[in-house]
Amino acid sequence: MATTLKPVDVVIIGGGFTGLTMAKELCSRTALSVLVLERGVERSLGDYAIGMDELDYAVRLRMMQNAAQETITHRHSPRATAVPIRQYGSFLPGTGVGGSGEHWQGMAWRYFPDVFELRTHLVRKHGASRLPGDLDVRDWGVTYDQLEPHYWRAEQTLGVGGKAGNLRGRIIPGGNPYEGPRANDYPLPPLKRAYLSKLFADGAAKLGLHPHPTPSALLSQPYTNPDGVSRGACEYCGYCERFGCMVGAKAQPTNTLLPVLRAQKTFELRTGCWVRRILHKEGRITGVRYADASGRDVAQPAAIVVLATYTLNNVRLLHLSTVGMPYDPGSRQGTLGRNLTHQVIDRTPVFFEKPLNRFMGAGALTDRVSDFDGDHGLTGSEGILRLGAIEVQAAGARPIASFGAMPNAAAKRNWGSEWKASAVTWYDRSAPLVFVGEHLAWRQNFMDLDPTYTDKFGDPLLRFTLDWTEHEHRQREVGSDIAKKIARAMGAKLDDTHPARGPYDATAYQSTHIQGGAIMGTSPESSVVNEHLQHWQMPDLWVIGASSFPQNASHNPTLTALALTTWAADALIGRYLRSPGKLV
Amino acid sequence: MRRREFITLPAVALGGAMLDSLARESRRLRMVGENVLVPLRFFTGQEAQVIAAACERIFPRDATGPGATDAGVVVYIDRQLAGPYGRDTYRYVTPPFLDSVPQHGYQGRETPRDTYRAGIRALGDFARLPAAEQDAKLVAIEQSRFFELLRAHTMEGVFSDPIHGGNTNLVGWRLIGFPGPRMQYRTQIDKHFGEAWRPKPAGLAQITGRPVVPFEDEGK
């Protein structure tokens, strides 16, 4: 029998970037009591300093969810039997206060305007009849122009540094000329550039392309944000992704949001609390049920629930709580679980004459060319609708992951003296050029519950049905050809290889960008939440985060997830609280 | 209690790294002449000799520089297998265990400890064979999960922080010019373009001046 606790006004499930952003909005703008339930532990800056250990953090994945307790299952098609992903590989969901926002790389992109209206854009460009029947891209119900002030709020909160490419319609050299118009320049300038950044920028410029720095949530200078939170500048230590920041320069929920929330009397954070069900009765939220750190079964009544976990758990909790209608790819009926997207990545290994000192770097010390991103660089002969960007990352190279890169012909096997000599020679003289592509939504890619495998409580695991289509294979091939051209212009050596056309590989890291499953939109027939991220069927349930993205972009999703959170908070606070009911 | 097992390593190879990685067990270390007897947590002494020999073929001491034995890789692997990793504490091990495509990763029931025990048994008298025959044996198992783990763990043992028992005297990091987690490059990141800049390497415990409990020792 569950222990029932004293009611609160709002329960937020998940203490990561979106959950704590929503908590900050609610606590600073209303008198509501806000309880954040986080199933992981708390960490501090000191933990991150002694955590600069590649083995425990980047290999044994100490900041990530423990797959022994819960994972996903995967199958490539609805005809196949799914098996559990027994160790996370192609994406790495974080756990603990701050969630994946602690171990991210800090790339703080805005999405292109056309991504938010992709269906309309593609129909206008190609005609509805020329789009593939299985293509499931959507308009989001919110436009770039509506989100622009929210992007700006997020950039100020995090202290994003970058080079504007489009300031109120004026194109600025050195920035990304293809970005949506910005009302304001970045709060801070870009990070310093590394040797590798310079090689890339020079090479790309020789080809007439427009290289530009990636917007960075690692501070390029000491900064105090509008909430009065001060942080120091990045040290370029090279321990960013898969690590928490040991100097606090990387914007993380624990160093940008928690300091503000700690001062709020109406805020409570409970860790070690594993929410298993959202409770509801007759179409209204009544609270949540969770197992606390000691395993005790707890019912927490609440008037409003904000579901703010990583995509996987957002979708799984809705399924487990029987909220909404599960999607069926055969009939295309139902909405919950549809539009599952990941990221289309291809890495071209490139070899240089001179050493790079790659141990120095920063997660967002990345340079890109966007000349082929979206579809503005496509000629029509490539056989694809959307492409992506090419980037180089001076993110810091650590030896376990980096040792062994060499040209194909350099050694017969991948061990022994010949291999070792070559690996030592090339160790600091190689780096990949990365193609980062949009992943379009296809009708056959979706998430539901697995019929066989369960988590540590006996609840069914989330099941992915996901595979690459011809479109993604072509994106990689076209992207890889462009990357090779840039590499040659950089004066680098490279092998004549082509991206493998294999099935989706759950073992090889792509990006921790999983989108969809609880998508936003303008109709309850085709989306789970409305354009304010309010659940269509249950008005006191709000589902925020990348689960709401109908398709992914080439850009990292964090800033868009944050912009959508304050967008949703404005609707929740400004409209819903005045008249609690469906906003649409 | 299992009988205490040891591996014999040359004291000179262990050197200062003893302070980082073996301090907790210093009372159990024994010197015999020029050698140190390092207590083992998982392997038997004989098993450790087989693994040490195999790792040395994977990452040999040669003209390029020090090898797996110099780095103390076998001590590293022994500790990993004795800890949560070796026991699959962080892998989803709920049945049924079905065969699947390679893109789903390892789907078997065996823990890394099981895989090593069986793999070592199959290598037989490996430690006593000449190098060429050792190489032939490794080539024969190159596609096995045991070899995949052994190779990966050898690299980890050479290149991980010495808190884990390998990378003795930072030989792995010195070999490739990796300075360790030194933290501060703000005034250096935009310099040294095209030239090798190699700050003196240091391990995490030395840099932070704080005790660091590695994953494998948690709860010990």
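Modeller: Domain bounds here come from an automatic or database domain assignment. This is a predicted model, in which local features need pLDDT of at least 70, side-chain atom pairs count only at pLDDT 80 or more, and totals for chains, interfaces and linings use all residues. Residues are numbered from 1 along each chain as its sequence is written, and chains are lettered from A and ligands numbered from 1 in the order in which they are written.

Colleague: Into which domains is chain A divided, and what distance separates their centres?

Modeller: Domain 1 of chain A comprises 1-109 + 140-160 + 251-341 + 442-467 + 512-584, and domain 2 comprises 164-243 + 344-438 + 468-502. Taken over C-alpha atoms, the separation of the two centres is 29 Å.

Colleague: Which helix gives the largest share of the side of domain 1 of chain A that touches domain 2 of chain A?

Modeller: The contact (C-beta atoms, placed from the backbone, within 7 Å) takes 35 residues from domain 1 and 38 residues from domain 2 of chain A. Elements giving two or more residues to the domain 1 side are helix 3 (54-59), helix 6 (144-158), helix 8 (253-256) and helix 9 (258-262) of chain A; helices are DSSP runs of H or I with at least four residues, strands runs of E with at least two, numbered from the N terminus. The largest share, 7 residues, comes from helix 6 of chain A.

Colleague: Why is one side of strand 1 and of strand 2 of chain B left without a neighbour in the sheet?

Modeller: The open sheet of 3 strands in chain B has antiparallel pairing (at least two DSSP bridges between two strands) and the order 1-3-2. Strand 1 (6-10) and strand 2 (30-32) of chain B therefore stand at the edges, each with a single partner strand.

Conventions. Two residues are in contact if their C-beta atoms, placed from the backbone, lie within 7 Å.
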